[in-house]
Amino acid sequence: MHQTFDAALGINLLHVNQAGADHNRAHFDQWGITCFNLMSSPGAGKTALLERTLAALTSELKIAVIEGDMTTELDADRLRQYGVPVIAINTGRSCHLDSKMVAGGLHQFSHQYNPNEFDLVLVENVGNLVCPAEFEVGEHAKIALLSITEGEDKPLKYPVMFQEANCLLITKMDLAPYLEVDIQQIVANVRQMNPHATIIPVSTKTGEGLEAWFEWVRTQVSLLKPSDSDNDVETVELAATH
């Protein structure tokens, strides 16, 4: 009986969240913005990757960031140094961003800036290999990061994260000479979960693989950018959340 109640509650939570994610995505489409959701365990290098991405691409793409963290704005402050809008969301005890939290961020974003002038919103999710993959936020693509310090078995132990990813970045490749890590085994384990995701080994320290990542971003923004006809969708009201 208890299990039945928990299962029903989980289904209802995900159903409500999905409706909110669809609502957020309608806004992105209406504004002509592509949205990526970056997910990983703590310390895999999401903020460092965003720093390198903003430094490389803000001359050609108009970018904003929604920065999720349980407490503090430390990461948000790092990214603000690149001169882009950064909306910080503190989740308190919650281990992931959900669609309602991101709707609150979009509400703030749309009041401070003209969303129609932007090309790309990057959502840095809370560090966690489990929950962020379950809760869509309205993104057009999911990016998963896996540091080589985490071991080859993580794709098998946390399958949903890797099954959901459109692109997997294997990070901290500069540490490979100092670790007993089998990169090919990481790739093989990811392929068991997801045969189609783009896999790019990168290092934000040496720059290895970053141009391939930037090109992936450029290509996806071009492919996923809503057409003019998509922008004619009926204006929807952003949910005001706190």
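**Legends to the close-up views**

**View A. Glu136, with 22% relative accessibility, counts as partly exposed.** Buried residues have under 20% relative accessible area, exposed ones over 50%, and partly exposed ones lie in between (1.4 Å probe, protein chains only). The model is predicted: local features need pLDDT of at least 70, side-chain atom pairs count only at pLDDT 80 or more, and totals for chains, interfaces and linings use all residues. Residues are numbered from 1 along each chain as its sequence is written, and side-chain values use heavy atoms, without hydrogens and water. A salt bridge (a side-chain nitrogen of Lys or Arg within 4 Å of a carboxyl oxygen of Asp or Glu) joins Glu136 to Arg25, with the closest N and O atoms 2.7 Å apart. Because Glu136 lies in the loop between S4 and S5 and Arg25 in helix H1 (residues 2–31), the pair ties together parts that are 111 residues apart in sequence. Arg25 counts as buried, at 19% relative accessibility. Helices (H or I, at least four residues) and strands (E, at least two) are DSSP runs numbered from the N terminus.

**View B. A network of salt bridges links Asp22, Arg25, Glu136, Glu139, Lys142 and Glu164.** The salt-bridge rule gives a count of 13.

**View C. Arg218 and Glu211 form a salt bridge, the closest N and O atoms being 3.0 Å apart.** Arg218 counts as partly exposed at 24% relative accessibility, and Glu211 is also partly exposed, with a relative accessible area of 48%.

**View D. Glu150 is buried yet has no salt bridge.** Glu150 lies in the loop between S5 and helix H5 (154–157). The nearest side chain of opposite charge belongs to Lys154, 5.7 Å away; Lys and Arg count as positive and Asp and Glu as negative, whereas His and the chain ends are not counted. The side chains of Glu150 and Ser41 are joined by a polar contact of 2.6 Å. Such a contact is a pair of N or O atoms within 3.5 Å; within protein, one must be able to donate a hydrogen and the other to accept it, and residues adjacent in sequence count only if both atoms are side-chain atoms. The side chain of Glu150 also reaches the backbone nitrogen of Ser147, at 2.8 Å.

**View E. Of the 29 residues in the largest nonpolar core, Phe36, Leu120, Ile143, Leu169, Trp213, Trp216 and Val217 touch the most other members.** Among the elements that each supply at least two residues of this core are strand S1 (34–39), strand S5 (141–147) and helix H8 (210–224). H8 provides the largest share, 6 residues. A nonpolar core is a set of buried Ala, Val, Leu, Ile, Met, Phe, Trp, Tyr and Cys residues joined through side-chain atoms within 4.5 Å. Leaving out residues up to four places away in sequence, Phe36 touches residues including Leu120, Ile143, Trp216 and Val217, where contact means heavy atoms within 4.5 Å.

**View F. Thr72 has a phi near 60°, a positive value in a residue other than glycine.** Thr72 lies in the loop between S2 and H3 and counts as partly exposed at 38% relative accessibility. Lys172 likewise has a phi near 60°. Lys172 lies in the loop between S6 and helix H7 (183–193), and its relative accessibility of 29% counts as partly exposed.
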